[in-house]
Amino acid sequence: MSLYFAEQMVNGLILGSMYAIVAIGFTMIYGILRLINFAHGDIVMIGAFATLGLVIARLPFPIIILVVLLVGVFMGIVIERVAFRPIRGAPQVTGFIASLAISILLQNTGILIFTAQPRNFFFPDYLQRIVNIGQITVRVLDITIIVTSLVLMILMVILVRTTRIGMAMRATAENLNVARLMGIKIDRIIMLAFAIGSGLAAIAGMMWGGKYGQIDPLLGFVPGLKAFIAAVIGGVGSITGAMLGGYILGFAEILFVGLLPPSFSPYRDAFVFGLLIIILLILPTGLLGRKEEERA
Amino acid sequence: MELKNTKLFFPILIASGALLVFLMRAFMNDYILIIVNFVGINIILAVSLNLTNGFTGLFSLGHPGFMAVGGYVAAILIFPAARKEMLLPELPRWLAMQQWPLLPALILGGLCAALIALIIGFPVLRLKGHYLAVATLGFLIIVRVLITNMEKYTRGPLGLNGLPSLTNLWWVFLWVVITIYVSWKIKHASLGRSMLAIRENAMAAECLGIALAKTRITAFVIGAFFAGVAGGLWAHLVTAITPTSFSILMAFSLVVMVVIGGTGSITGAALAAILLTLVVEILRPLEEFLGAYGISEIIIAIGLLAILIFRPRGLFGSSEPSFLVKRKKTPQGSEAGI
Amino acid sequence: MLELKNLHVYIGKTHVLEDLSLEVKLGEIVALIGANGAGKTTTLMTISGLIRTRSGTISFQPDMESSRKEISRRKVEDIVSMGISHCPEGRQVFTTLSVKENLYIGAFQRRNKKDIKDDSESVFNLFPRLAERMNQRAGNLSGGEQMMLSIGRALMSRPRLLLLDEPSLGLAPMLVERLFERLDRINKEGTTILLVEQNASMALELANRAYVIETGRIVLSGTGHELSDNKEVQKAYLGLT
């Protein structure tokens with residue numbers, strides 16, 4: 001039982017890492033624009049397909065990571081520029097609907113190019129190799145996912161907490177107009193938030209493909225929504241909150257499936273969304289979020 | 001804003017609509033009739049969603065969830081008792097024996113949807129803006145998960161097929177008329193005014209003493225009722241029902257209709273429903289011909305983005321066409337103005 | 001230094017500033033006084049570029065050597081870099097950032113680390129309370145301290161012209177007096193100030209010149225003393241009869 005439990009914990013850690021990485025972008029964009037970006041999850045899908053293409057092209061793995069990251073960054077910038085910038089200042093709901101439209105657009109472009117059929121996803125053999133840590137068996141890939149996520153998250157915290165640009169991001173998230181009065185070019189900050197967030201999401205797509213072994217154009221929707229839930233748990237707008245929320249959600253989901261009788265497993269998503277609704281109602285600011293001032 | 005000759009206008013409109021239905025049934029082929037039926041059902045959905053989304057600013061993505069509830073309830077009630085034994089052998093005895101006609105089943109389906117709206121409405125409607133949207137999306141997903149797993153009643157992911165083909169244009173027409181009439185009455189009665197007030201400024205409306213929660217819930221419940229009815233009509237038009245029928249894509253298309261029509265405008269929502277259904281139906285053969293699946297969604301999504309960017313108030317604004325209502329000249333501008 | 005000519009500004013459909021003209025000369029303290037909703041804050045936001053004009057010109061000349069430039073179509077960040085710093089109404093410090101970070105973000109466009117450090121030292125000199133709380137979150141400061149921080153932050157861009165929006169709002173009378181002494185000192189050290197105030201008596205005492213704004217129009221102008229002696233101003237803004 002304890003071995004089983006330990007293996008479940010590793011699974012939770014992997015799932016949580018991926019949620020956390022996606023949630024960071026979600027929460028950054030929300031923090032600055034108060035925009036729930038539904039299309040964020042579809043960047044995960046784009047990242048997964050980009051990875052598959054590059055693996056098939058037999059590029060060296062470090063280059064694959066770099067290119068996938070850049071693909072995500074590029075997509076984020078394009079989406080912000082083309083769709084979100086023109087409607088900036090419109091009511092929140094407009095942005096939300098626009099992001100839904102972009103999500104549908106990306107998914108169906110994916111279907112158009114790759115068809116809706118799931119494709120097998122594979123990584124080079126050395127990543128598939130199995131290693132034993134104590135009595136637990138894991139793949140090299142699993143460890144890579146956990147470590148890469150951790151590194152990315154530490155880099156994010158350093159960026160946001162200690163650098164000049166991170167300081168500007170925090171200031172912009174708190175008060176957009178006053179940030180402009182400080183001479184901060186908020187267009188650049190917003191673009192940067194989309195770029196970083198989408199780059200991370202694309203990397204998460206790479207992990208997602210590796211973890212589940214199959215990808216299809218609609219795969220981004222669920223991680224996108226779950227990342228949103230993770231962000232809500234942590235407190236939308238808080239980057240450390242998003243990471244924490246990602247891990248909490250990952251573990252909660254794995255525990256729900258792994259520890260309850262199997263007849264409960266199909267209700268996994270219902271559980272997750274039920275959890276979301278409950279958290280929204282009893283703890284709307286999440287674990288680490290700030291209370292938002294109400295505007296008339 | 002006052003209604004212009006409503007007493008005369010509505011009967012004329014209904015009569016000419018009925019004449020149109022009669023002529024179409026006489027002269028159109030089945031394929032076109034089915035499309036017209038879809039148009040009608042989408043009008044019911046868009047107009048009833050507009051009641052919640054457009055009038056009160058409550059942005060609900062849960063509409064297909066209510067549709068699913070109404071659809072399944074109606075389907076189980078209507079399904080011939082003899083065939084139920086085969087298809088759903090584990091159904092409780094009292095339910096297996098039911099074999100209802102269409103109309104009462106539709107109404108009960110609608111009522112079930114309304115009841116669920118009432119139950120989830122109390123907690124969920126306290127949320128604001130996009131939090132509400134996400135919560136209602138969560139509701140849609142939960143409904144789907146539950147339907148998928150209640151195999152005793154729903155056959156799970158397989159869904160129910162071979163439903164009797166009971167929906168025809170007369171039934172759809174009847175419900176279109178009822179939906180539009182009820183929405184119209186609500187929009188122009190005090191309830192509607194308070195709903196619009198909530199959309200414009202929730203805080204100010206609260207200060208004016210409108211029982212905010214009550215109005216919101218009422219709108220939500222009425223909208224859910226019609227969605228449930230539409231679900232029943234839909235199920236007995238396509239003669240099958242599965243959990244995946246009620247997708248997020250469907251929630252999206254409904255929102256698109258409301259946005260294109262101009263939030264708050266009944267005529268706009270109805271016209272947008274017609275427009276969008278026809279666009280999809282025209283694009284579908286093209287899609288199949290080219291083998292380019294997904295192209296119609298892409299076109300619709302781009303169209304929606306263009307509207308959000310270039311015509312943020314929708315194609316029609318939130319007002320009704322001037323030949324239907326006459327406006328009092330007010331300097332502040334009515335709902336259409338600001 | 002700064003000249004606003006025939007400004008017309010709309011917010012939505014409301015005509016907020018109607019044909020507004022005013023001038024600030026190099027080295028002056030100019031006060032803009034008026035009732036709530038008269039358009040004082042809008043005037044400052046228009047100067048700093050947060051709100052766009054419908055028509056009219058805003059020209060700015062940072063010092064005698066530079067040329068006069070039309071700025072009403074410039075971006076906010078360009079206006080900051082030309083030497084205008086806007087200290088917004090209601091303090092609006094970044095509550096999640098530390099005091100030090102708030103000051104550093106005020107100097108966001110500057111690169112020379114040593115200069116920035118020196119300038120933050122002189123802000124601490126001006127407001128010693130801030131030095132004690134350097135590493136605290138700005139959200140934990142008292143209202144008066146936040147005001148000091150807000151002004152200090154605005155000074156960090158080394159502005160030639162400082163736009164101050166209601167610095168006395170919500171402060172105890174004694175604090176207001178001390179604050180106005182500091183403003184005088186800032187001005188003596190070479191920063192021109194355009195001050196928006198509801199506390200008209202203090203503002204007129206401090207200012208070289210002043211304008212009275214009513215429903216988006218300038219209705220009176222003169223030196224600070226002229227206006228404090230004016231019967232109408234006394235009645236409407238100074239509470240004297």
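Modeller: In the second largest cavity, helix H10 (residues 221–234) of chain A gives the most to the lining, with four residues. Helices here are DSSP runs of H or I with at least four residues, numbered from the N terminus. The model is predicted, so local features need pLDDT of at least 70 and side-chain atom pairs pLDDT 80 or more, while totals for chains, interfaces and linings use all residues. Residues are numbered from 1 along each chain as its sequence is written, chains are lettered from A and ligands numbered from 1 in the order written, and side-chain values use heavy atoms, without hydrogens and water.

Colleague: Which residues line the second largest cavity?

Modeller: The lining consists of A:Phe26, A:Ile36, A:Asn37, A:Phe38, A:Phe221, A:Gly224, A:Leu225 and A:Phe228. A cavity is a set of points on a 1 Å grid over the protein atoms alone where a 1.4 Å probe fits but cannot get out, and lining residues have an atom within 4 Å of a point. The second largest cavity holds about 50 Å³ of space, a volume being the space filled by probe spheres set on grid points joined across faces, edges and corners.

Colleague: How many cavities of 30 Å³ or more are there in the whole structure?

Modeller: The search finds three. The largest cavity has a volume of about 110 Å³. Among its lining residues are A:Phe61, A:Phe123, A:Thr144 and A:Met207.

Colleague: And which helix gives the most to that lining of the largest cavity?

Modeller: H6(A) does, with four residues. By class, the lining of the largest cavity has eight nonpolar, two polar and no charged residues. In this scheme Ala, Val, Leu, Ile, Met, Phe, Trp, Tyr, Cys and Pro are nonpolar, Asp, Glu, Lys and Arg are charged, and the others, Gly among them, are polar.

Colleague: Now the open spaces. Which residues lie nearest the centre of the second largest pocket?

Modeller: Those are A:Leu218, A:Phe221, A:Val222, B:Arg144 and B:Ile248, out of 38 lining residues. A pocket is an open set of points with protein on both sides within 12 Å along at least five of seven lines. About 1,100 Å³ of space lies in this second largest pocket. H10(A) supplies the largest share of its lining, five residues, and the lining divides into 23 nonpolar, seven polar and eight charged residues.

Colleague: Changing topic: how much area do chain A and chain C bury between them?

Modeller: About 2,000 Å², with 62% of it on carbon and sulfur atoms. Buried area is the accessible area (1.4 Å probe) that two parts lose on being put together, summed over both. On the chain A side, A:Arg164, A:Leu181 and A:Met182 lose the most area to chain C, together 35% of what that side buries. The contact (heavy atoms within 4.5 Å) takes 18 residues from chain A and 22 from chain C.

Colleague: What is the salt bridge count between chain A and chain C?

Modeller: The count is one. C:Glu101 pairs with A:Arg170, the closest N and O atoms being 2.7 Å apart. A salt bridge is a side-chain nitrogen of Lys or Arg within 4 Å of a carboxyl oxygen of Asp or Glu.

Colleague: And over all chains, how many salt bridges does the search find?

Modeller: It finds 24. One of the salt bridges joins A:Arg88 and A:Asp187, with the closest N and O atoms 2.7 Å apart. A:Arg88 lies in the loop between H3 and helix H4 (92–114) of chain A and A:Asp187 in helix H9 of chain A, so the pair ties together parts that are 99 residues apart in sequence.

Key: Helix = DSSP H or I, 4+ residues; strand = E, 2+ residues; numbered from the N terminus.
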